[in-house]
Structures are given as C-alpha cells and as structure tokens.
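Trainee: I would like to go through how the labels on this model are assigned. Can we take them one at a time?

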Amino acid sequence: MLLKKSRYSRNRNPWQNLFKPWQQIDLLLFLLPIVITMFGGFMILSTELNQENTDSKWAVHLILASVGVLLALLIARTRYENLQRWHWITYTLTNVSLIAVMVVGVAAKGAQRWISVFGFNIQPSEFAKIGVIITLAALLHKRTADTLPNFFRALAVTAVPWALVFLQPDLATSLVFGAIVLGMLYWANANPGWLILLVSPVVAAILFSIPWPWAEPMIVSKELFFTPLGLIWSITMGLVGWYTLPGKRFGLGGIGALALNLLGGEIGIFAWNHVLKEYQKGRITSFLNPELDPLGTGYHLIQSRIAIGAGTWFGWGPFNGPMTQLNFVPEQHTDFIFSAVGEQFGFIGCLILLLGFCLICQRLLYVASTAKDNFGSLLAIGVLAKIVFQMVVNIGMTIGLAPVAGIPLPFMSYGGSAMLANFIGIGLVESVANFRILKKY
C-alpha cells in the first residue's frame with residue numbers, strides 16, 4: 001500500500017523530477033539578473049528609436065542573455081568542486097587567450113581587446129575575470145591568506161593575467177581584476193592592513209602626480225611635482241606598515257611601506273608624463289573638472305549628468321526625454337545606460353534598479369556564507385566583488401563621482417562577452433548553492 005502511494009505521488013508531480021537537478025538553487029539570485037537584463041534590453045531599445053542604421057542591439061542583447069541563462073543553468077547543475085582539479089588548465093587557457101589578443105586581436109579606440117571568431121568579436125578579458133576567480137579560489141581554498149607567503153603567492157599567480165590585460169591596454173578591466181583579488185584575499189583571512197598597503201602605492205601615485213584643484217602642487221622641477229596629500233598619505237601608510245608587518249621592533253615594516261609609497265608617487269609621475277595615453281589622461285582630468293573641456297573629454301560626463309538630472313523624481317516616461325531621444329549622450333547603450341534610466345524613470349526608477357542590484361549582492365553574500373567549503377565560498381565572493389565594483393564605478397562615472405573608465409553596468413549594458421561572463425559567474429554561484437547538501441540522484 002505504501003509503495004502504491006509513493007508511485008502515485010511521483011506521477012502526480014512530474015515537474016518535480018524535471019526540476020530536481022536545480023531544486024536547491026537560489027531562485028531570487030537566478031531571477032533578478034534575468035529581470036534586470038530584460039529591463040536593460042528595454043532601455044537599449046529606447047536609445048535606438050531615433051538612430052539611423054540601427055543594428056537592433058536590444059534584440060542581440062536579449063538573445064545573448066538567453067544563451068547566458070542556458071549556460072548558467074547548465075553550470076548550476078554541475079558540481080563546482082570539479083573545477084579545483086582543472087584550475088591550472090583554466091589559468092593556462094586564460095593567459096593564452098589574453099596573449100592571443102595581443103597577437104591576432106582586433107584594435108579599436110586605441111586598444112587591442114577583441115578577437116574575431118566567425119564574424120563575432122569576443123573580448124577574452126571578460127572571461128579572464130572568471131578564470132582568475134576560479135584560480136584564486138582554488139589556491140586560497142588550500143592555503144588561506146593569513147600568512148605573508150600565501151598572500152604573496154596568490155598575488156604572484158594573478159599578476160600574470162593582470163599584466164596581460166594592462167598591456168592591451170585596458171586599464172578599466174585591470175582595475176576590476178584588482179577589486180576581485182582584494183575581495184577574495186579579504187575573505188580568505190588576509191590582514192586588512194596588508195590589503196591597504198597593497199593598494200597604497202596606487203593611491204600615492206594618484207596623489208603625487210595629479211594636480212588636484214583644491215591642493216596647490218609643490219613644484220620641484222618641470223616634470224616633478226607633488227601635493228601635501230601625497231606626503232601625508234605616505235607617512236600614514238608607514239604607520240600602517242609598522243603596525244601590521246614583521247619587524248615591528250625596529251620599524252622595518254613602516255620604513256618599507258613609507259619607501260614603497262614614495263616610490264609609487266615617483267612611478268605615478270613618470271606614468272602620467274610618459275606612459276598613459278592622452279585619452280586616459282583626458283578621462284581622469286575630465287572627472288576632476290569636466291567644464292575644462294566641455295566639448296571634448298568632459299562631454300560624456302556633462303551630458304550624462306544633465307540627462308539624469310532632467311529625470312527629477314519620476315522621469316519623462318518610457319521612450320521619452322530629450323537627452324535620450326535626441327542622442328545627446330554618447331555610448332548610451334553601453335557604458336552610459338544608467339543615464340537613460342535616470343532620464344526616463346527618474347530618481348525612483350534609479351532607486352528601484354539599485355535595490356535590484358543590492359538584492360543580487362545580498363544573495364551572493366548569503367551563498368558565500370552558507371557554502372559547504374572554502375572553495376565555493378570564495379567563488380561566490382569573487383563574483384560578488386566583480387559585480388559590486390563594476391556597478392559602483394559605472395554608476396559613479398555617470399553621475400560624476402568616478403572617472404569615465406569604460407566599465408559596463410552588469411546585465412544592463414550592451415556587450416556580448418560581458419553578458420555571457422556575468423551569467424557564467426551567476427551559474428558558478430548557483431552551483432555552490434545547489435550543492436550545499438550532498439544529494440543523490
């Protein structure tokens with residue numbers, strides 16, 4: 001009698017067996033990116049209505065998103081633990097793809113970042129972010145970053161793909177790599193002071209080399225100047241080094257940290273004068289004062305702020321708004337898609353979109369906290385760091401709080417490689433959620 005009842009129950013719920021491989025995925029984490037992606041396609045369509053020779057980018061956006069969703073579902077039902085055995089192969093393929101870009105890549109806008117495959121332009125650096133997350137998670141799963149040797153070992157491994165991306169040159173993507181590494185090292189028990197010291201030379205380079213509007217630079221020579229902020233920062237980092245690094249008794253860590261920041265300042269001055277491209281300098285200076293070149297480097301930022309401000313509380317409504325419909329904001333379907341949201345849906349619409357991203361981040365953090373092992377937890381944190389950094393920088397640059405860095409808004413901006421990489425990341429995290437408890441099929 002019990003056997004007949006069991007068979008009856010199985011026949012009564014045929015859909016249960018169909019969805020059994022995904023029965024423990026985080027449903028909200030899976031659905032929210034799909035909803036935001038569909039909204040992104042709608043916004044891309046709104047920017048194309050009055051354009052000539054449109055390529056129906058909104059349709060391509062949704063088609064690629066469909067492919068991404070299928071990939072995420074496939075990855076979610078596959079055990080993520082298997083990636084540990086293949087992480088060096090993943091690492092090798094990541095570096096080979098980045099080298100291939102430099103050899104046979106397609107150049108555009110002053111950089112060589114794409115490979116043409118059967119007529120499609122693929123950006124390997126987007127998939128390299130996922131490769132770095134997998135590699136670093138595998139390394140830190142075995143040896144956490146609570147000791148300096150393990151800390152520097154993880155940095156040495158990730159330095160190779162980072163350098164290859166930086167040489168393309170793709171400064172924006174290299175910054176995303178940095179955010180991923182910092183987030184994963186922090187989650188792997190690295191001393192917060194070490195993480196501060198890790199980024200401190202970059203901050204010193206910025207403070208020493210850029211003549212900030214509010215700080216009068218101290219001119220030493222024609223090509224050498226620095227601000228008091230740079231000196232204050234270097235001394236502060238010396239104190240952090242003295243407190244967190246070995247050799248505290250003799251102050252060796254503090255002296256080393258101080259010297260490293262002063263050296264970073266000198267390198268920053270050299271890079272500003274001899275390494276950075278003119279368009280990269282323009283993006284930085286236009287962020288500080290876009291009105292200095294309102295028709296050149298500051299044009300994007302000024303028009304984006306006008307569009308967002310014009311939306312006021314509730315916006316002009318779908319497919320309305322002069323800045324969007326008259327194409328005043330360049331690249332509005334990619335990096336500046338948030339300005340279209342601000343103009344058409346106003347402050348409330350932007351707030352709802354931000355709430356959606358915050359919920360995605362909350363679910364990623366929840367999966368990381370409930371994963372059954374360090375490897376799965378680190379995978380989720382890597383994807384979280386990637387999405388958070390890109391979201392903050394993209395939205396920050398559209399409202400004037402960050403330089404125009406060419407970083408797309410996840411799931412919203414048009415871009416095939418970024419879209420697929422984002423959904424692959426979601427699939428990895430869903431696999432971590434799906435296999436938190438050992439299941440038998």
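Mentor: What follows is a set of labels and the reasoning behind them, for a predicted model.

Trainee: Why is Gln-123 called buried?

Mentor: Gln-123 has 13% relative accessibility. Buried means under 20%, so Gln-123 counts as buried. Gln-123 is found in the loop between strand E3 (120–122) and helix H7 (124–142).

Trainee: What is Gln-123 in contact with, leaving aside its neighbours within four places in sequence?

Mentor: Apart from those neighbours, Gln-123 touches Arg-113, Trp-114, Asp-170 and Ser-417. Contact here requires heavy atoms within 4.5 Å.

Trainee: Why does Met-102 count as partly exposed?

Mentor: Met-102, in helix H6, has 37% relative accessibility. Buried is under 20% and exposed is over 50%, with partly exposed in between, so Met-102 counts as partly exposed.

Trainee: Which residues have the most contacts inside the largest nonpolar core?

Mentor: Leu-140, Met-184, Leu-185, Leu-409 and Met-412, in a core of 74 residues. Helix H16 (residues 337–370) gives the most to this core, twelve residues. A second, separate core has seven residues, including Met-323 and Phe-336.

Trainee: Which contacts does Leu-185 make, again leaving aside neighbours within four places in sequence?

Mentor: Among them are Leu-140, Phe-151, Leu-155 and Leu-198.

How values were computed:
Residues are numbered from 1 along each chain as its sequence is written. This is a predicted model: local features need pLDDT of at least 70, side-chain atom pairs count only at pLDDT 80 or more; totals for chains, interfaces and linings use all residues. Side-chain values use heavy atoms; hydrogens and water are left out. Helices (H or I, at least four residues) and strands (E, at least two) are DSSP runs, numbered from the N terminus. Buried means under 20% relative accessible area, exposed over 50%, partly exposed in between (1.4 Å probe, protein chains only). A nonpolar core is a set of buried Ala, Val, Leu, Ile, Met, Phe, Trp, Tyr and Cys residues joined through side-chain atoms within 4.5 Å.
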